[in-house]
Amino acid sequence: MHRISLNYTLGTEAAPALIRNPLLDLLQAVSDQGSISAAARQLGLSYRHVWGELKRWDAALGQPLILWEKGQAARLTDFGAKLLWAERQAQARLLPQIEALRADLERAFAVAFDESAHVLTFHASHDEALVALAEHARQARLHLDIRFSGSVDAIRALNEGRCEMAGFHVRIAPAQGSLTQRTYKPLLRPGRHKLIGFARRRQGLIVAPGNPLGLETLTDLADKGARFVNRALGTGTRVLLDELLAEAGIAPERIRGYAEVEPSHAAVARAIATGRADAGFGIEAGAQALGLDFVPLAEEQYFLACLKSSLAQPATQALLDLLRTGAWQHSLSALPGYTPARSGEVLAMNRELPWWRFRPRAVEHAERGPHGHGPAPGAEVGGWS
C-alpha cells in the first residue's frame, strides 16, 4: 500500500485551500493539453523535466502513467486516470476539513508574526496549576509550550538546552543529606540557574471516597496491605515518597504495588477511581477532580527554574509579569491544595534550597595555603559547597 504524506507552504498571498501534489498537477496538465510539451509550457517547466518526472513516477509507482506514441496525442493510462479521479474525489470530499486545517495553521503561525506575542518552552513535572497557567497565559498572548516529564528530567532538559524553563517541586525545608538534596543538588547551580516562585501545594494519599481502609499514614499503607500505585523514577513525587518512607523506616518492598507506576497525578487518581488500586501518592487537586478523598502528608514548593542568562528575555519577563498579577494568583488559590508562594519573584537559590553555603572570596583566600596554591591543611575549599 502506498502512503500519503502532506506538506504546506508559507506565503503572504491568499490561495485556495488545497493540498497539492506535483504529480497530479502534471497528470491534469497532460490530460488537458494532450501533449507533454504543451503540459510543460502550461506548468512553466521544461519538456525534459516533465518527461524525467513522468519516468521517475512510473518507476516509483510500478505502473505507467502516460500513453504516448509519435504522431498521436498523449493520454493517461487507466492507472493514471484513476489516480487523477481519486485526487479529485478526495479534494471535493475533504475541502471543508482542509479549509479548517489551513485556518488553524494560519492562526498558529500568526503568533510568529505578532511582535506582542511570546512563546516559552517548558519541561515540567506534571502539575494542575501549570495547566491552568497555560490557559491564563494564552489570554495574555503568552504561549507556554509545556512538555510534562519528571522533575529530574525537566531540569536536565533545561541544562541541555532543550527548554527555557523547568518546573520542579521540593519538600518545604528539605533536610541536609536528604534524598531531595542528593537528587537536585547535582543538577542546579547558584550563579547559573535562577529560581522563580510559583506555588505551594499539598501532596498525600489519594484514596477512595470515605477512605474505606482508614489510611492516615504511610505506615497504615504498609500494615494494611493496601494496593498502591506509584509514580515513576525521576519524578519529584517519587523522590518525595521515597524520602517519607525512609524517614518512617518503611522499606519500599512493604508497600504492595510499589513497583506499579502511572505517568501523572491524574492517572494515579484514575487508578483509584476505577478500583485498580486502594491508594496512590499525589496532589490534592488530582483527588478532588475525580471525587476522591485525600490525606495530606507533605507540603512542598513548586519552583520554576531558568538559566540566569534568560531572565532578561521578553518571554521570561512576560511570564514574571503574569505570575505577579492578582488575577493569576486568585485563579491559583481556587485550585484545591494550592496557594500562591511569591509567584513571579526571582529567588536566591541558596536561601530557598539550603544545600549551598556561599563563602566569601576573602575567607577562601585566607584559607589557601602558602603562596596561594591550594587550601591549607584541613581547610575546606571556598565558593559554593
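Predicted model: local features only at pLDDT ≥ 70, side-chain atom pairs only at ≥ 80, totals over all residues.

User: Which residues of α10 are the buried ones?

Analyst: They are His265, Ala267, Val268, Ala269, Ala271 and Ile272. Just past the end of α10 comes Gly275, with a positive phi of about 85 degrees.

User: What makes Arg276 and Glu262 a salt bridge?

Analyst: Their closest N and O atoms are 3.0 Å apart. The cut-off is 4 Å between a side-chain nitrogen of Lys or Arg and a carboxyl oxygen of Asp or Glu, so this pair gets the name. The pair connects distant parts of the chain, 14 residues apart: Arg276 belongs to the loop between α10 (265-273) and β9 (279-283), and Glu262 to strand β8 (residues 261-262).

User: Are those two partners buried or exposed?

Analyst: One of each! Arg276 has a relative accessible area of 52%, and exposed means over 50%, so Arg276 is exposed. Glu262 comes in at 16%, and buried means under 20%, so Glu262 is buried.

User: Which residues do salt bridges join into one network?

Analyst: Asp127, Arg201 and Glu300, through salt bridges that share partners.

User: How many salt bridges does the structure hold?

Analyst: There are 16. Another of them pairs the side chains of Glu135 and Arg138, at 2.4 Å from N to O.

User: How do you know that Glu135 and Arg138 are about one helical turn apart?

Analyst: Both are in helix α5 (residues 128-139), and they are three residues apart, which means about one turn separates them. As for the surface, Glu135 has 41% relative accessibility and Arg138 has 44%.

User: Why do Arg156 and Asp153 count as a salt bridge at 3.9 Å?

Analyst: Because 3.9 Å, N to O, is still within the 4 Å cut-off. These two are in helix α6 (residues 151-159), again three residues apart and about one turn of the helix. Arg156, at 41% relative accessibility, is partly exposed, and so is Asp153, at 35%.

User: What makes Thr77 buried?

Analyst: Its relative accessibility is 8%, and the limit for buried is under 20%, so Thr77 passes. You'll find Thr77 in the loop between β2 (75-76) and α4 (78-110). Leaving out residues up to four places away in sequence, Thr77 touches Pro64, Leu65, Ile66 and Leu67.

User: And how do you know that Thr180 is buried?

Analyst: Same test: Thr180 has 2% relative accessibility, under the 20% limit, so it counts as buried. Thr180 is in helix α7 (residues 179-184).

User: What does Thr180 touch?

Analyst: Setting aside residues up to four places away in sequence, Thr180 touches Val170, Pro174, Val239, Glu243 and Trp355. Take Glu243: Thr180 and Glu243 are 63 residues apart along the chain, yet their C-alpha atoms are separated by 7.4 Å.

User: What about the whole chain: how many helices and strands?

Analyst: The count is 15 helices and 14 strands. Of the 385 residues, 42% count as buried. Among contacts with a separation of 6 or more, 71% are between residues 24 or more positions apart. The chain exposes about 20,700 Å², and 54% of that comes from carbon and sulfur atoms.

Methods. Residues numbered from 1 in each chain as written. Heavy atoms only, no water. Helix = DSSP H or I, 4+ residues; strand = E, 2+ residues; numbered from the N terminus. Buried < 20%, exposed > 50% of the residue type's maximum accessible area, 1.4 Å probe, protein only. Contact = heavy atoms within 4.5 Å. Areas by Shrake-Rupley, 256 points an atom, 1.4 Å probe, with all protein chains shown as cover.
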